[in-house]
Amino acid sequence: YEKEGLLKCCNAWSRDTPGKKVYVQHKIKEEEEAIWEQLGKPGSKGYFFLCGSKQPEKDVYKTLLGIMQSKGGMSEAQAQRKMEELQGAGRYVTEVY
């Protein structure tokens, strides 16, 4: 599905590079323009799935809120409402343990 442009999978392995930890929120920040276009922008229809350890869940959520604010010009409250809408619509999904 990636080859067809239907899906983008971004893996973060925090211990792959000695001396440099890359966490999932860093990968999300690198993709902020695409995430805004597909998830936050009015009329967007994308989905966001976070799978794996529960540990980064809060940082990921915070990073997504920041994208809504910086790219969408939203206030913190507006960004929070947008994330709640995405969750309610099944467009922001976490499968964490």
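Q: Which residue forms a salt bridge with Glu-37, and how far apart are the closest N and O atoms?
A: A salt bridge here is a side-chain nitrogen of Lys or Arg within 4 Å of a carboxyl oxygen of Asp or Glu. Glu-37's partner is Lys-41, and their closest N and O atoms are apart by 3.2 Å.

Q: What kind of model is this, and at what pLDDT do side-chain atom pairs count?
A: Residues are numbered from 1 along each chain as its sequence is written, and side-chain values use heavy atoms, leaving out hydrogens and water. It's a predicted model, where totals for chains, interfaces and linings use all residues, local features need pLDDT of at least 70, and side-chain atom pairs count only at pLDDT 80 or more.

Q: Is Glu-57 buried or exposed?
A: Glu-57 meets Lys-54 in a salt bridge, at 2.7 Å from N to O. The cut-offs (1.4 Å probe, protein chains only) are under 20% relative accessible area for buried, over 50% for exposed, and partly exposed in between. Lys-54 has 48% relative accessibility, so it counts as partly exposed. With a relative accessible area of 17%, Glu-57 is buried.

Q: Which helices hold Lys-71 and Glu-33?
A: The side chains of these two meet in a salt bridge, 2.9 Å from N to O. The pair links distant parts of the chain, 38 residues apart. Helices are DSSP runs (H or I, at least four residues), as are strands (E, at least two), numbered from the N terminus. Lys-71 sits in helix H3 (residues 57–72), and Glu-33 in helix H2.

Q: What is the volume of the largest pocket?
A: On a 1 Å grid over the protein atoms alone, a pocket is an open set of points where a 1.4 Å probe fits, with protein on both sides within 12 Å along at least five of seven lines. Points are joined across faces, edges and corners, and the volume is the space filled by probe spheres set on them. For the largest pocket that comes to about 1,200 Å³.

Q: Which element gives the most to the lining of the largest pocket?
A: Lining residues have an atom within 4 Å of a point. With five residues, the one that gives the most is E1.

Q: How many residues of that lining are nonpolar?
A: Ala, Val, Leu, Ile, Met, Phe, Trp, Tyr, Cys and Pro count as nonpolar, Asp, Glu, Lys and Arg as charged, and the others, Gly among them, as polar. The lining has nine polar and five charged residues, and the nonpolar ones number 20.
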